[in-house]
Amino acid sequence: MDTILETKQLTIAFGGHVAVSEVNIEIERNTLKSIIGPNGAGKTTFFNMISGQLKPTKGQVFFKGKDITKMSPTQRTRLGIGRSFQITNVFPHLTCHENVRLAVQAQMKVFYNMFSHFSRLNEINEKASEYLKMVKLENKEKELAVNLAHGEKRKLEIAMLLALETEILLLDEPTAGMSLEEVPMILDVIRTIRDERKRTIVLIEHKMDMILDLSDSIMVLFHGKLLADGEPEEIMKNDQVQKAYLGGLQDDAS
Ligand SMILES: Nc1ncnc2c1ncn2[C@@H]1O[C@H](COP(=O)(O)OP(=O)(O)OP(=O)(O)O)[C@@H](O)[C@H]1O
């Protein structure tokens, strides 16, 4: 297996409460891994330790074999781990194109005074348009971000995350707060990125139909522990998972 991300014995305690307990996981490059589990299972906390927002009490995180446990979120982003909805900031009074252009510039480390070079400017503009197209917002280039629907804003955030060109995309509940009509379009965007097989996506989601549709593999957290990890069919058949979790979740999702 071509592992891009690995955790060893990853553990965090808040006071006396162990929120994530000795989780060992390997994530294969250019696949989509979903993290599921009931409320309070430790999914976001686990994510925060991968992105660097939280430091584990015990254990390690490896990116391409390198121990990144002590690195800051910014260092991890530079290295290739991008997280949605936290590192990207949508500026409401800039257009969609301008927002994505800022992310492209950040990635290219180009500053305003270098803009005199026209070809560079064109390149940046074209890249920004490409990313907007990838998230199917090409018809909103000139729209101010503030005027976008909630689902469109999420797509814009994904475009900005893509512009950072990180190898890993950490997506924390990308459909949260979306209307039912908006969900398929974000699903479509994530599927498009997955199908290109150029990035590794790690996804936290509650919508089971979406998880089963998109995931190459699924890890299940329960009370902070890794209950199961495998392909979607295996996970669905797993007795422990069904008992502990899936029955309740399917009820919730319906
Ligand atoms: N900063 C913190 N301080 C204290 N306890 C915390 C902190 N962050 C998380 N927890 C606790 O850790 C446990 C796991 O929380 P976490 O948010 O990771 O769960 P989750 O699986 O993402 O849940 P949800 O699906 O509801 O988002 C919970 O019991 C939560 O109360």
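How many Å separate the centres of domain 1 and domain 2, taken over C-alpha atoms?

Analyst: Happy to walk through it with you. This is a predicted model, in which local features need pLDDT of at least 70 and side-chain atom pairs count only at pLDDT 80 or more, while totals for chains, interfaces and linings use all residues. Residues are numbered from 1 along each chain as its sequence is written.

To your first question: the centres of domain 1 and domain 2, taken over C-alpha atoms, are 27 Å apart. Domain 1 covers 3-87 + 168-253 and domain 2 covers 96-163, with bounds that come from an automatic or database domain assignment. Where the two meet, 12 residues of domain 1 are in contact with 11 residues of domain 2; contact here means that the C-beta atoms, placed from the backbone, lie within 7 Å. Helix α6 (residues 183-196) gives the largest share of the domain 1 side, 4 residues. That side is made up of 7 nonpolar, 4 polar and 1 charged residues. In this scheme Ala, Val, Leu, Ile, Met, Phe, Trp, Tyr, Cys and Pro are nonpolar, Asp, Glu, Lys and Arg are charged, and the others, Gly among them, are polar.

Now to the ligand. The residues around it are F14, A19, G37, N39, G40, A41, G42, K43, T44 and T45, where a residue is near the ligand if its C-beta atom, placed from the backbone, lies within 6 Å of it. By class, this shell holds 3 nonpolar, 6 polar and 1 charged residues. Its largest share, 3 residues, comes from helix α1 (residues 43-51). Helices (H or I, at least four residues) and strands (E, at least two) are DSSP runs, numbered from the N terminus.

A19, another member of the shell, sits in strand β2 (residues 17-28). A19 counts as buried because 21 other C-beta atoms lie within 10 Å; the cut-offs are 20 or more such atoms for buried, 12 or fewer for exposed, and partly exposed in between, with C-beta atoms placed from the backbone. Leaving aside residues up to four places away in sequence, A19 touches I12, A13, F14, G42, T45 and G224. A19 and G37 are 18 residues apart in sequence and 13 Å apart in space, C-alpha to C-alpha.

Helix α1 deserves a moment of its own. 7 of its 9 residues are buried, so α1 is largely enclosed by the rest of the structure. The buried ones are K43, F46, F47, N48, M49, I50 and S51. Just after α1, G52 takes a positive phi of about 100 degrees. The helix lies across β1 (3-14), β2 and β4, running at about 60 degrees to β2; axes are lines fitted to C-alpha atoms, for helices over the stretch in contact, and angles run from 0 to 180 degrees between N-to-C directions.

Those strands belong to an open, antiparallel sheet of 4 strands in the order β2-β1-β4-β5. β2 and β5 (66-67) are at its edges, each with a single partner strand, so one side of each has no neighbour in the sheet. Strands β4 (residues 58-63) and β5 are joined by 2 antiparallel bridges, and F62 has D67 in β5 as its bridge partner. Two strands pair if DSSP finds at least two bridges between them.

There is also an open sheet of 6 strands, in the order β6-β7-β8-β3-β9-β10, with mixed pairing. Its edges are β6 (81-83) and β10 (225-230), each with a single partner strand, so one side of each is left without a neighbour. On average, neighbouring strands of this sheet are turned by 20 degrees against each other, direction ignored. β7 is mostly covered, 4 of its 5 residues being buried. β7 then joins β8 in parallel through 5 bridges, where L169 has I201 as its partner.
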